Amino acid sequence: MTSSTAPDPNRPAEHAATRTAAPTWRVTETAGLETSWIDLGPTSLTAHGRAAAAAEPAPYWLDYRLDTGDGFTTRRMHVTARTPDTTRTLDLRRDETTGHWTVDGTPRPDLDGALDCDLGLSPLTNTPPVLRHGLHLGPGEHHFLMAWIRVPELVVVPSRQTYTHLRRHEDGRATVRYASGDYRADLLLDADGLVAEYPGLAHRIA
């Protein structure tokens, strides 16, 4: 299957009100932490957060804001990354009418066809494609082109990824497999589609 903004039968229709969440993850790969403040609507979300990484080759602070349009598709991701030596910013945008992407105002036709951004080493950006297709609720497999952001360099490259629903648990959580190239990880998601456990990368502590 290919990614699409068309209605998906697995998408929840019963949640009309916006909910808020403030998950904190321990990011084991960077020996750091990430907290995100999320407003989660029935078809879109906004999130702003901060990640602190202590791992080599250099520690960094990361501040971001993600705004999505209808169908949880990326509208804008703004990121600031600070290392001991430099500060970088990224303004990544997707035009909802044309589907074209820009990076700091420069057109990026290699990203055309992507609906989502993927912030490196962040559990947050696994959520929008899951919610768009209801993969935390029931069976499905979807292939995506992502605008992947390498951190802390804030370089954006196209990335092919696949998400597959594996099972739903009695407590309302679900396991969804993430794959990119030869890499595989079975993500444990809560009932809102937010990452609770990302083996080898992060786990939620609040």
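Predicted model: local features only at pLDDT ≥ 70, side-chain atom pairs only at ≥ 80, totals over all residues.
## Nonpolar core

The largest nonpolar core contains 47 residues. Within this core, L62, M77, L92 and I149 have the most contacts. Strand β11, residues 141-150, supplies the largest share, with 5 residues. In soluble globular proteins, nonpolar side chains tend to be buried together.

The surroundings of L92 can be listed in more detail. Leaving aside residues up to four places away in sequence, L92 touches R75, R76, M77, W101, T102, V103, L111, C117, A147, I149 and V156. Two of these neighbours, M77 and I149, are named with L92 among the core residues that have the most contacts.

Strand β5 spans residues 60-68 and strand β6 spans residues 74-82. The two run antiparallel and are joined by 8 bridges. Across this pairing, D63 stands opposite T80 of β6. The hairpin formed by β5 and β6 has 5 residues between the strands, and G71 takes a positive phi near 80° in this hairpin.

On to the next pairing: β6 also pairs with strand β7, residues 87-94, in the antiparallel sense over 7 bridges. Here R76 has R93 in β7 as its bridge partner. β6 and β7 form a hairpin as well, with 4 residues between them.

## Salt bridges

The whole structure holds 13 salt bridges. One of them joins R65 to D67, with the closest N and O atoms 3.2 Å apart. R65 counts as partly exposed because its relative accessibility is 40%, whereas D67 has a relative accessible area of 16% and is buried. The cut-off for buried is under 20% relative accessible area, so the value for D67 falls in that class.

R177 and D186 form another salt bridge through their side chains, at 2.7 Å from N to O. Both partners are partly exposed: R177 has a relative accessibility of 34%, and D186 has a relative accessible area of 30%.

A further salt bridge links R204 and D190, whose closest N and O atoms are 2.9 Å apart. R204 belongs to strand β16 (residues 202-204), while D190 sits in the loop between β14 (183-189) and β15 (195-198), so the pair ties together parts that are 14 residues apart in sequence. R204 is partly exposed at 29% relative accessible area, and D190 is buried at 16%.

Salt bridges also link R50, D63 and R82 in a network.

## Largest pocket

The volume of the largest pocket is about 310 Å³. Its lining consists of 17 residues. Of these, G120, L121, W148, Y178 and Y198 lie nearest the centre of the pocket.

Key. Residues numbered from 1 in each chain as written. Heavy atoms only, no water. Core = buried A, V, L, I, M, F, W, Y, C linked by side-chain atoms within 4.5 Å. Buried < 20%, exposed > 50% of the residue type's maximum accessible area, 1.4 Å probe, protein only. Contact = heavy atoms within 4.5 Å. Pairing = 2+ DSSP bridges. Salt bridge = Lys/Arg side-chain N within 4 Å of Asp/Glu carboxyl O. 1 Å grid on protein atoms, 1.4 Å probe; cavity = no way out; pocket = protein on both sides within 12 Å on 5 of 7 lines; lining within 4 Å. Points joined across faces, edges and corners; volume = space filled by probe spheres on them.
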